[in-house]
Amino acid sequence: NPQPGWNTIDVAGGTGDIALRIAAMARSSRRGGEAAVTVCDINEQMVAEGKRRAEAKGESAITWTVGDAEALPAPDGGFDAYTIAFGIRNVTHIEKALAEARRVLKPGGRFLCLEFSHVGVPGLDTLYDAYSFKLLPKLGQWVAKDAASYRYLAESIRRFPPRETFAAMIRDAGLGQVAVRTLSGGIAAMHSAWR
């Protein structure tokens, strides 16, 4: 529920999908108005594509920067919200990224992390594993001519900590009121907390 006047950082924001939604939602809120969004991604080409997409939509509320989630190029306590969607599992040192999230959030700031998770529904877990490890790489090869990236996707999801462990890591980083909401039978999870 982004509010007008908020300053949000979207880490691993790549092409700006989340940032564009945040800016639009703030404008369409009851109070209606601009919310500043900073997209920070380590991949310069992704940032360039995000800028292009935002310009094509006439979006001017987004600032784009190249940077590492483990050492954000951002001031202490400068943001009302920190978002990261499907990016934290690719960070080398998750605990450093979480410490950075706490550092850049204002007291009372909101932490939101959407990430793939471990399926907990019997039957769906077996089906999802078969899809992830057998079908997804084949689709990746057929569509993108890149089976290896899709194998990496499945492997990185399996290596990512279970929901409860990741929630404990968020608490250990100094964020409070940690909550986890599973989505799609556990295929993804939304972790939220407050600074």
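# Buried sites, fold and pockets

Ile62 lies in strand 3, where strands are DSSP runs of E with at least two residues and helices are DSSP runs of H or I with at least four, both numbered from the N terminus. The model is predicted, with local features requiring pLDDT of at least 70 and side-chain atom pairs pLDDT 80 or more, while totals for chains, interfaces and linings use all residues. Residues are numbered from 1 along each chain as its sequence is written, and side-chain values use heavy atoms, leaving out hydrogens and water.

## Overall fold

The protein has 6 helices and 7 strands, and from the N terminus these elements follow the order β-α-β-α-β-β-α-β-α-α-α-β-β. The radius of gyration is 17 Å, close to the 16 Å that the globule rule gives for 195 residues, so the protein is as compact as a globular protein of that length; the radius is taken over C-alpha atoms, and the rule is 2.2 Å times the number of residues to the power 0.38. Along the principal axes, the C-alpha trace spans about 45 × 40 × 35 Å. Of the contacts (heavy atoms within 4.5 Å) with a separation of 6 or more, 71% are between residues 24 or more positions apart. Of the 195 residues, 44% count as buried.

## Individual residues

| Residue | Relative accessible area | Class |
|---|---|---|
| Ser117 | 4% | buried |
| Ile62 | 9% | buried |
| Ala74 | 14% | buried |
| Ala12 | 31% | partly exposed |
| Ser184 | 56% | exposed |

Leaving aside residues up to four places away in sequence, Ile62 touches Ala19, Leu20, Val37 and Val39. The C-alpha atoms of Ile62 and Asp76, which are 14 residues apart along the chain, are separated by 19 Å.

Ala74 is placed in the loop between strand 3 (62–66) and strand 4, and, with residues up to four places away again not counted, Ala74 touches Ile9, Phe79, Arg103 and Val104. Between the C-alpha atoms of Ala74 and Gly13, 61 residues apart along the chain, the separation is 15 Å.

Ser117 belongs to the loop between strand 5 and helix 4 (124–144). The side chains of Ser117 and Arg163 are joined by a polar contact of 2.7 Å; such a contact is a pair of N or O atoms within 3.5 Å, of which, within protein, one must be able to donate a hydrogen and the other to accept it, with residues adjacent in sequence counting only if both atoms are side-chain atoms. Beyond residues up to four places away in sequence, Ser117 touches Ile157, Arg163, Gly186, Ile187, Ala188 and Ala189.

Two loop residues have backbone values to note. Ala12, in the loop between strand 1 and helix 1, has phi near 60 degrees, a positive value in a residue other than glycine. Ser184, in the loop between strand 6 (176–183) and strand 7, has phi near 50 degrees, which is likewise positive in a residue other than glycine.

## Pockets

A pocket is an open set of points, on a 1 Å grid over the protein atoms alone, where a 1.4 Å probe fits, with protein on both sides within 12 Å along at least five of seven lines, and lining residues have an atom within 4 Å of a point. Points are joined across faces, edges and corners, and a volume is the space filled by probe spheres set on them.

The largest pocket has a volume of about 690 Å³. Its lining comprises 31 residues, and those closest to its centre are Ala12, Asp41, Phe86, Gly87 and Asn90. Two or more lining residues come from each of strand 1 (7–11), helix 1 (17–28), strand 2 (36–41), strand 4 (79–85) and helix 5 (147–159), and helix 5 gives the most, with 4 residues. By class, this lining has 15 nonpolar, 9 polar and 7 charged residues, where Ala, Val, Leu, Ile, Met, Phe, Trp, Tyr, Cys and Pro are nonpolar, Asp, Glu, Lys and Arg are charged, and the others, Gly among them, are polar.

The second largest pocket holds about 580 Å³ of space. It is lined by 21 residues, with Asn1, Ile22, Thr83, Leu112 and Met190 nearest its centre. At least two lining residues are supplied by each of strand 1, helix 1, strand 4, strand 5 (105–116) and strand 7 (188–194). The lining of the second largest pocket has 13 nonpolar, 4 polar and 4 charged residues.

Notes:
Buried means under 20% relative accessible area, exposed over 50%, partly exposed in between (1.4 Å probe, protein chains only).
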